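Please examine the sequence and the model shown below.

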Amino acid sequence: RTYQLSVATNDFNADDELNYSHALARRLPAEVLFDAIHRVTGSPSRIPGLPAGTRAAQLVDSNVAIPGAFLELLGKPARESACECERANGVMLGSVLGLVNGPVVNEAVRDPNNRIAKIVAAEKDDTKAIEEIFFAVLCRKPTAKEVQASLQAIKDSEADHERLRVEFQKYADSLAAYEKTLPAKMAEWEKSLQNQTSWDVLSVTDQKAKAGATLAKQPDGSILAGGKNAGPEFYTVTATTTQTGITAFRLEVLTDPSLPAQGPGRAPNGNFVLNEFKVMVGPKDKPAEAKPVALHKAVATFAQDSFPIGNAIDGNPATGWALSPQLGKSHVALFETKEPLTLAEGQVLTITLDQQYLDKQHNIGKFRLSTTNAKPPLSLGGPPEPIAKALAVEPEKRTDAQKTELTNYYRSLDAELMRLQRELAEHPAPPEKRLLGMQDLTWALLNSSQFLFNY
């Protein structure tokens, strides 16, 4: 037992692996090492999908993703068998790189609220602060030689601090300079949207499917089909609008996780065929008196070969609009009215989606209907409805909420702004010189064999 407790060897037993003449130093297992790093630094672990501070040893699911694949690199098994031989505790290139420059060690060391920062803030004597860090990481006092080496390392970090400061300032200045150009850029962006079409989602009062599908209205004004998928299928939607002078109808066919291949159709591959798109207008209480609305100039974001969007308003139920191979994506079609349309009091719109493809499965899975009174030519694109409404208000008459909403929306579209913000986030301002030196010392101790191996 005495021999087994010691890893020290002599000339005669250094290569002995059979007679238990000495203990073998073993690297801490992956989960233990992960937990030890966070316990030592005083930085709470951040495992995706779990509360901050969750220990790796508590993980039940072997597929939980740790930043930088730390556990996998350090030998955690996939748990495909009950054999402990799945686990690897060796030191290979991948595990070394994961420790030296991986996110787990670096983020734990750089956490501004960790144990290192608290030691530096509380202890102004560098030698005593070094001792505290040695106690934290290695559970012992440093030797006189280690103290001198640590003090020199802290002094040497001053050059790194200046380099990081200059680097941070460069990215901060670039972002600040670009921020000054945003008001002018945003004004130009607003001008470019003056010809964009603003769409109002129809207020649906009733929706029915002739062949047995269930049509459920969603919070965003869309309608999701479910249940029986048969044909010929006719979706009939009754809707109202206060908009006057309607110049076009927009049909959005949308993806949804509940649909085959994400949709937007209900066919096994996510496709659909819309044979006819019809609009009627008439008194709500006298549907027999409804009259058709003449439509023309149909356009769409995409159409399948031999299935152009014009087929949906050609009056021929044997032709239709389809989307293959652009499936699993949302698409838009719009249909202009030959004459501007205004609903009289008590009138409603009745829109029919006629779907008669031969296999009786190519029905639309999710859709949304809108109208506009913008003058042609019309745009298929355009900003979301709240943004379009805010843009329609004169700048000096906009509320603070509208101004904020427009600014945030524009900033979310500016690729150069996002690039500069990302670069600055990747090069943050360095901590004060002394703390940076103590962080470097802690990083070195965490990567030492005295911490990594169980003696």
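Leaving aside residues up to four places away in sequence, Glu276 touches Asn311, Ala312, Ile313, Asp314, Gly315, Asn316, Pro317, Thr352, Leu353 and Asp354, where contact means heavy atoms within 4.5 Å. The model is predicted, so local features need pLDDT of at least 70 and side-chain atom pairs count only at pLDDT 80 or more, whereas totals for chains, interfaces and linings use all residues. Residues are numbered from 1 along each chain as its sequence is written, and side-chain values use heavy atoms, with hydrogens and water left out.

Glu276 belongs to strand 8 (residues 276-283); helices (H or I, at least four residues) and strands (E, at least two) are DSSP runs numbered from the N terminus. Glu276 is buried but has no salt bridge, and the nearest side chain of opposite charge, that of Lys278, is 5.7 Å away. In these terms, buried means under 20% relative accessible area, exposed over 50%, and partly exposed in between, with a 1.4 Å probe and protein chains only. A salt bridge requires a side-chain nitrogen of Lys or Arg within 4 Å of a carboxyl oxygen of Asp or Glu. For charge, Lys and Arg count as positive and Asp and Glu as negative, while His and the chain ends are not counted. The side chain of Glu276 does reach the backbone nitrogen of Asn316, at 3.1 Å.

Which side chain meets that of Arg398 in a salt bridge? The partner is Glu190, with an N to O distance of 3.0 Å. Because Arg398 lies in the loop between helix 8 (385-392) and helix 9 (400-413) and Glu190 in helix 7 (residues 144-192), the pair ties together parts that are 208 residues apart in sequence. Arg398 is buried, at 10% relative accessible area, and Glu190 also counts as buried, at 18%. The whole structure contains 15 salt bridges.

A further salt bridge joins Asp220 and Arg368, whose closest N and O atoms are 3.2 Å apart. This pair links distant parts of the chain: Asp220 is in the loop between strand 4 (213-217) and strand 5 (223-227), and Arg368 is in strand 13 (residues 366-372), 148 residues apart. Asp220 is partly exposed at 38% relative accessible area, whereas Arg368 is buried at 15%. Arg368 also forms a salt bridge with Glu252, with the closest N and O atoms 2.8 Å apart. Here strand 13 is linked to strand 7 (residues 246-253), which holds Glu252, and the two residues are 116 residues apart. Glu252 counts as buried at 10% relative accessibility. Through shared partners, salt bridges join Asp220, Arg250, Glu252 and Arg368 into one network.

Helix 7 also contains Ser150, which is buried with a relative accessible area of 4%. Ser150 touches Ile130, Phe134 and Leu441, not counting residues up to four places away in sequence. Another serine, Ser21, is found in the segment before strand 1 and counts as buried at 16% relative accessibility. The side chains of Ser21 and Asp16 are joined by a polar contact of 2.7 Å. A polar contact is a pair of N or O atoms within 3.5 Å; within protein, one must be able to donate a hydrogen and the other to accept it, and residues adjacent in sequence count only if both atoms are side-chain atoms.

Val96 lies in helix 3 (residues 93-101) and counts as partly exposed at 33% relative accessibility.

Most residues other than glycine have a negative phi, and most peptide bonds are trans. The peptide bond from Gly263 to Pro264 is cis, with omega near 10 degrees, and Pro264 is in the loop between strand 7 and strand 8. That loop also holds Ala261, whose phi is positive, near 55 degrees. A cis peptide bond likewise joins Pro376 and Pro377, with omega about 0 degrees. Lys297, in strand 10 (residues 295-300), has a positive phi of about 55 degrees and counts as exposed at 55% relative accessibility.
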